[in-house]
Amino acid sequence: VPAGPAADVLRELALVDAHCHALLPRVAGPDEFERCLTEGNRAPAWDTPVGLAVRRWCAPALDLPPLTPAADYLARRAALGDDEVTVRLMGAARLSLLLVDTGIGRPDLTGLGRAAGATTAEVVRLERVAEELEVVGAARFASAYVDALAVAARDAVAVKSVVAYRYGLDLDPARPTAAEVREAAGEWRAGGRSRLDHPVLLRFVLWAGVDLGLPVQLHAGFGDRDLALGRADPALLQPLLSALEPAGVPVVLLHCYPYHRQAGWLAAVYPHVYLDVGLTVGQVGGRAGAVLGECLELAPFDKLQFSTDGYRLPELYLVGAAQFRHSLGGVLDGWVADGALSDEDAQRVARMIGGDNARRIYARSAAVNHS
Ligand SMILES: [Zn+2]
């Protein structure tokens with residue numbers, strides 16, 4: 001990271017990672033490694049911005065020079081073994097608190113926290129709680145879900161919805177009636193599907209999450225190819241955001257790319273809307289400065305949160321953190337050089353996005369307050 005007031009702060013700052021997933025305990029080999037790097041999208045893994053970012057930011061933590069060839073990186077990784085690689089890469093990411101989406105698999109939060117040297121806290125995925133419900137009659141679905149969610153979210157700091165994957169962000173914003181939920185539960189069960197994809201039930205679980213009073217994280221923008229990208233544009237959320245505003249819970253838009261500019265405007269005009277700058281930063285690698293700059297065009301600085309979107313590979317947590325430190329420092333210090341903000345402003349904004357905002361958004365949680 002080049003010198004400058006924001007870069008100086010970001011070099012030392014222990015970051016709050018406000019959205020990440022579980023680590024894979026073992027990486028079976030180069031094929032699995034490369035699949036994990038590209039979200040399973042069958043893209044070539046290494047000749048991509050994220051592939052370059054792994055060689056740039058992770059090689060030094062394994063005692064190799066930056067941009068070491070991929071084959072040498074993988075050989076060194078295999079020689080050190082998964083446990084040593086994980087401790088080195090997670091340690092180098094310097095994260096103080098991880099908010100972990102526990103919606104996939106059975107994440108080992110204790111192991112993740114130990115590897116990172118950080119506190120962990122849980123974000124409960126709303127759709128999963130419905131998918132794991134014991135089969136009950138349609139008439140009892142709603143109350144059974146509310147009870148199960150209360151248990152699942154007992155220690156959670158936020159809830160998360162993947163309605164963008166299951167339906168689209170152009171959903172009807174209204175809270176469904178009891179009769180609508182009963183009918184929909186019967187249809188969903190009769191269809192024999194395990195994935196929650198019924199639009200009425202997706203709305204129901206979202207409103208049940210809002211009723212908990214916890215911040216709501218919403219996936220928007222790009223992901224793996226299960227997603228209908230055109231229906232993941234956060235601008236489609238305007239009716240829902242208006243409907244949720246009186247509830248008083250923060251709504252955090254995750255990922256958002258390539259619609260991060262739309263999301264920045266939403267964060268500017270809706271007091272309860274926030275924008276996460278994760279995923280994009282790691283995936284776009286050397287272009288992260290440009291993308292972060294666009295996030296900062298309209299969104300108020302206290303509406304932005306950092307995350308790594310780390311998932312399975314420890315490399316992705318380190319790439320997210322290191323690329324963020326480097327690129328946000330570059331953007332803010334560029335503004336300082338241009339006379340657009342003071343040294344103190346640049347350092348304050350860097351601390352806000354790197355952790356202060358997330359601590360405020362998720363402040364109800366004891367885990368957040370004590371990290
Ligand atoms: Zn994610």
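Me: Which cysteine sulfur is closest to the sulfur of Cys 58, and how far away is it?

Reply: This is a predicted model, where local features need pLDDT of at least 70, side-chain atom pairs count only at pLDDT 80 or more, and totals for chains, interfaces and linings use all residues. Residues are numbered from 1 along each chain as its sequence is written, and side-chain values use heavy atoms, with hydrogens and water left out. A disulfide is a pair of cysteine sulfur atoms within 2.5 Å. The closest sulfur to that of Cys 58 is too far for a bond: it belongs to Cys 36, at 14 Å.

Me: Is Cys 20 buried or exposed?

Reply: Buried means under 20% relative accessible area, exposed over 50%, partly exposed in between (1.4 Å probe, protein chains only). Cys 20 has 0% relative accessibility, so it counts as buried.

Me: Which residues coordinate the zinc ion?

Reply: Donors are N, O and S atoms within 2.8 Å of the metal (3.2 Å for Na, K and Ca); water is not among the atoms, so sites may look incomplete. The donor spacing in sequence is H-x1-H-x287-D. At 2.0 to 2.1 Å, the zinc ion is coordinated by His 19 (NE2), His 21 (NE2) and Asp 309 (OD).
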